[in-house]
Amino acid sequence: MAKKRPQTKAKRPQTTGGARTAGAEGDVPVVGAREPCPCGSGRRYKACHGRAASHAATELVHRPFEGLPGECDWVALRELVPAATVELTLKDGLPEGVPAVTLATVLPMAWPALRRDDGSVLLGLQNDTSSGDISRDLADTLQRALEARPGTPVQGRRAPADSPRLQDLLDPEGAFEPEVHSGFEFWVPDPENATPDVTASLERANAAAIPTVKLQGVDAAYWCETPEKNHLRWVMPHAEELLLDALARLHAAGRSSLGEGTRLVGSFRAHGLTVPVWDLPSGVTAEDVEKPAAEFAERLAAALATDTPLTADERRARGGLTNRQVTLS
């Protein structure tokens, strides 16, 4: 579910609709990539004004969920959590005939979206997207799902470069409260009448799902159980350099653990945010780390507020954390 993707410095590409902008000359007609550019430069469109449109469509947006309520949880559901759902609130309200819009980590058959028989919409988050802007691709899928015939899935495609993003469609004041599930039964309201393909997909997905629990006392921290050890993966909103300094201060002082037998082992980057990871003994449950995580959050807040230069020990600790950092997206 986690893919390595090339990095760029792009944040939010400001794009136009292909060949519809030609400097001071204003709007020009859309032409083929190998045809002369309408701006009169004498070059082919793909080597002139088409280059910017192509680049905008493929450029990676560094923080695609920035500005959405629950950005850290969006990242967690995209990269960490096997089975979860969130009710979404649209900025303009639900269209007629659509009783609900629900974000889901994964949908049966890896569908990008599904319009159920009752008209409700499920939007899949853990899908490969065609452009470098996950938010724009998801918004395009959502818009098409809202208009799809009930009872049909919606296939993915590359979203038009000037189409809306999730930030344009979702209510910025709407709550984002993930519900983590032990399996994917939410796919099928009536399992007894599911098609054989959906039933087989459900069985495969349930067998592969890693038990995961969202902590209640802190934001965007997820406990998971694996055969050899358990982990806590915590998506944090702080600027990367500032967070690494703070973690290094705590690590050098021996205050970065979550209790006996636990260890901060590193972090990874995902969609512009940093995700520290702790190893936990196999007997440590999500409930066991609720209080230690809340106490760690207080220590981290104090370390984040410290602006003195790092000591030699803290610099070594920071180097160790940085060397163990992995970029997922």
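A polar contact is a pair of N or O atoms within 3.5 Å. Keep that in mind as you tour this predicted model.

**Stop 1: Arg249.** Select Arg249 in helix α6, which spans residues 240-252. Is Arg249 buried or exposed? Its relative accessibility is 11%, so Arg249 counts as buried. Now show Thr308. The backbone oxygen of Thr308 lies 2.5 Å from a polar atom of the Arg249 side chain.

**Stop 2: Glu314.** Side chains of opposite charge can pair when their charged atoms come close. Arg249 and Glu314 form a salt bridge, with their closest N and O atoms 3.7 Å apart. This pair links distant parts of the chain: helix α6 holds Arg249, helix α8 (residues 312-323) holds Glu314, and the two are 65 residues apart. Glu314 counts as buried because its relative accessibility is 14%.

**Stop 3: Arg165 and Asp133.** Select both. They form a salt bridge, and the closest N and O atoms are 2.8 Å apart. Here, too, distant parts of the chain are linked: Arg165 sits in the loop between β5 and α4, Asp133 in the loop between β4 and α3, 32 residues apart. Both Arg165 and Asp133 are buried.

**Stop 4: Arg63 and Glu71.** Arg63 forms a salt bridge with Glu71, the closest N and O atoms being 2.6 Å apart. Arg63 has 22% relative accessibility, so it counts as partly exposed. Glu71, at 11%, counts as buried. Salt bridges with shared partners join Arg63, Glu66 and Glu71 into one network.

**Last look.** How many salt bridges are there? The count comes to 13.

Key:
Residues are numbered from 1 along each chain as its sequence is written. This is a predicted model: local features need pLDDT of at least 70, side-chain atom pairs count only at pLDDT 80 or more; totals for chains, interfaces and linings use all residues. Side-chain values use heavy atoms; hydrogens and water are left out. Helices (H or I, at least four residues) and strands (E, at least two) are DSSP runs, numbered from the N terminus. Buried means under 20% relative accessible area, exposed over 50%, partly exposed in between (1.4 Å probe, protein chains only). A polar contact is a pair of N or O atoms within 3.5 Å; within protein, one must be able to donate a hydrogen and the other to accept it, and residues adjacent in sequence count only if both atoms are side-chain atoms. A salt bridge is a side-chain nitrogen of Lys or Arg within 4 Å of a carboxyl oxygen of Asp or Glu.
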